[in-house]
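I opened this notebook to keep track of what I looked up, one topic at a time. My entries follow the order in which I went through the model.

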Amino acid sequence: MATRPEVFVPARAIPAPHARRSPLSAFWYRWGVYYLFMAPFMTMFTVFIIAPVLVAIYLSFTYFNVLEAPRWIGWSNYKLLFLEDDVFITAIANTLTFAVITGPVGFFISFFFAWLINPLKAKTVLALCFYAPSIVGGIAMSVVWKIVFSGDRYGYLNNYLLNIGAIDEPYQFLSEQASIMPVIMFVSLWMGMGTGFLVFLAGLQTVNTDLYEAGKVDGISNPLQEVWYITLPSMKPQLLFGSVMAVVAGFSVFEVATALAGLPSPLYAGHTIVSHLYDYAFIRFEMGYAATVAVILFLWTFGLGRLLFRIFSSKNEY
Amino acid sequence: MAVLARPRSVPRVPVLFGRRIRIQWPSAQYFLLVPLAVFAVLPIVYVISTAFKPLEELLIFPPPFFVRRPTMDNFQDLLLATNALAVPFSRYLFNSVFVTLTTVLLQVLICSMCAYPLSKARGLPGANIVFAMIIAALMFAPQVTRIPQYLVVQKLGMIDTYWALIVPALAYSYGLFMMKQFMDNSVDMALIEAARIDGANEWTIFWRVVMPNVAPAWNTLLIFGFIQQWNDSFSPLVFTRSEAMKTVSVAMISLTNGPATVARLGAQSAAAFLMTAPTIIVFLLRQAKVIQTMAHSGIKA
């Protein structure tokens, strides 16, 4: 149809009968309806995301116990947090250990599995199997894991280790300091394939198959080269998304840790940054201090997010 | 193993009784993937199986993996056990179902409505800033905003009401992000212009033209929202006080806290079954749609 203009025509670009309008009303006449479409979400987004971030930053400089009005105390919370709060240092150490190990491992595993599964006939069934643990949620499944790692001889793992003679008496997996974090990591990895896996699986399907043919002509001989030179570069958007999700998940570990080890966990061995936040905010009601923890968490994840954008941003996009 | 090393593209064609038959050997990947897949689902199968075990089977050690004589006793026990938690289990169940369904439907509506102009109204002033903020919101842990959210919820007088569980969850940045990406890729501008020339107003275009075309996306949003909301224990723990407002996930925590004993395992598994079954069913019904959508969910940096 030759008459249709090539450029986008806004709803009411054709001058209305009353063409003489103030700039403001003309602006509203042209775009208003779209802002109305956006209004409900943007209201929620402003009230429950933007404002809370700003308020958290403000509260982190105050003493606030919900009952009295917040009192400005400058950097005190930050000083206390880093210089005197040993539990927070433990929480940081635990969270970092968790994030540094489960983040990359989970990211790699979910890509690897997605890559292996993608060409197979039984793709759908296998994808469901690998994704199922992240659907069911850590809380429900902690029933099984608590029995598996239970500290008496009826715990499955203990029973097995006793039977093969690896240990002489039951090991307290969920209360010994040395084993709490590894158990939490194991369970999290089991259920942690999460969104990344599905994004990768879908991303693999969008890779242009002509590229593989072209690669063969250009001398790519083994599957590893194919992944490195063709698949990975074509999947940058999905990889970025998956890595951002992995970072956020890694640093916000809380539910699984609490379900398995309790809050507070024995000797704080399963204490994470979010556990600390939850403890101060909703058990002790020291909101100012908890807000400081939140701000640290915010800066951390946000900074890493920017870094990931750097890594995966594609300057050489074809 | 020669069988494994054979390239998949050249299937062996053996001859049997003078006829050529095709045997497709499973690819090598299966030998790695099938055991891992079984390992991944094993705990879930075990919970489901345990939920139906009668007491005498729960007491056997080592416990049999599959139930031999399935019974509904554990569900009855669960209903009795939760009487000690002040409200019947059915109340938690109702709360979860009501809150999750309401939230998810509103999420789909609100996110799609916001995604439509962001994706299709080219040149809309402010659109880029809004989208940048939403990407930024994806990048930090959701717990960061919990304290001020609590204060907002309190100021709005919503503490200990269903509103407190529903309304904050509506700012679902991930949902908006996904809808926008999908609309970018799968709704043709020409389609919208054609509708516009035919005299459709913006709502009609959105509801009758755009939404049917992004059905996979909102199906996915439905699933993800459902899974997240159903499993969420943070909001009910923080935003509600009375037991009557808590959800299954919170009841689950009270049930599993404390020593893991065989005697309670039955009731716990029954609760776990009730908690996991809906999410798995919802996902199974919609899985194909999900994978179709996820292809669009990368971030272009």
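**Entry 1: a buried valine**

I began with B:Val47, which counts as buried because its relative accessible area is 2%; buried means under 20% relative accessible area, exposed means over 50%, and partly exposed lies in between, with a 1.4 Å probe and protein chains only. I noted that this is a predicted model, in which local features need pLDDT of at least 70 and side-chain atom pairs count only at pLDDT 80 or more, while totals for chains, interfaces and linings use all residues. Residues are numbered from 1 along each chain as its sequence is written, chains are lettered from A and ligands numbered from 1 in the order in which they are written, and side-chain values use heavy atoms, with hydrogens and water left out.

I placed B:Val47 in helix α2 (residues 28-51) of chain B; helices (H or I, at least four residues) and strands (E, at least two) are DSSP runs, numbered from the N terminus. Which residues does B:Val47 touch, not counting residues up to four places away in sequence? I found A:Met141 and A:Val144 in chain A, and B:Ser269, B:Ala272 and B:Phe273 in chain B, where contact means heavy atoms within 4.5 Å. I also looked up B:Gly266, which is 219 residues from B:Val47 along the chain, yet their C-alpha atoms are separated by 9.3 Å.

**Entry 2: chain A as a whole**

For chain A I wrote down 14 helices and 2 strands, and I saw that 52% of its 318 residues count as buried. Among the contacts in chain A between residues at least 6 apart in sequence, 62% join residues at least 24 apart.

**Entry 3: where the two chains meet**

The size of an interface is often given as the accessible area lost when the parts come together. For chain A and chain B I read about 9100 Å² buried between them, with 80% of it on carbon and sulfur atoms; this buried area is the accessible area (1.4 Å probe) that two parts lose on being put together, summed over both. On the side of chain A that touches chain B, helix α1 (residues 23-59) gives the most, with 21 residues. By class, that side of chain A has 82 nonpolar, 15 polar and 6 charged residues; Ala, Val, Leu, Ile, Met, Phe, Trp, Tyr, Cys and Pro count as nonpolar, Asp, Glu, Lys and Arg as charged, and the others, Gly among them, as polar. The contact takes 103 residues from chain A and 109 residues from chain B.

How many salt bridges does the rule find across the interface of chain A and chain B? I found 0, a salt bridge being a side-chain nitrogen of Lys or Arg within 4 Å of a carboxyl oxygen of Asp or Glu.

**Entry 4: helix α13 of chain A**

I noted that α13(A) is largely enclosed by the rest of the structure, because 10 of its 11 residues are buried. Its buried residues pack against α3 (86-117), α11 (236-251) and α14 (287-312) of chain A, and also against α7 (146-155) and α13 (234-239) of chain B. Just after this helix, A:Phe285 takes a positive phi of about 55 degrees.

One of the buried residues of α13(A) is A:Asp279, which has 9% relative accessibility. A:Asp279 forms a salt bridge with A:Arg284, the closest N and O atoms being 3.0 Å apart, and A:Arg284 counts as partly exposed at 40%.

A:Tyr268 is found in the loop between α12 (255-261) and α13 (273-283) of chain A, and it is partly exposed at 26%.

**Entry 5: the salt bridges of chain B**

Over all chains the structure holds 3 salt bridges. In chain B, B:Asp184 forms one with B:Lys180, and both lie in helix α9 (residues 173-186), 4 residues apart, about one turn of the helix. B:Lys180 counts as buried at 12%, whereas B:Asp184 is partly exposed at 33%.

B:Arg196 and B:Glu202 meet in another salt bridge (3.0 Å, N to O). Here I found B:Arg196 buried at 13% and B:Glu202 buried at 5%.
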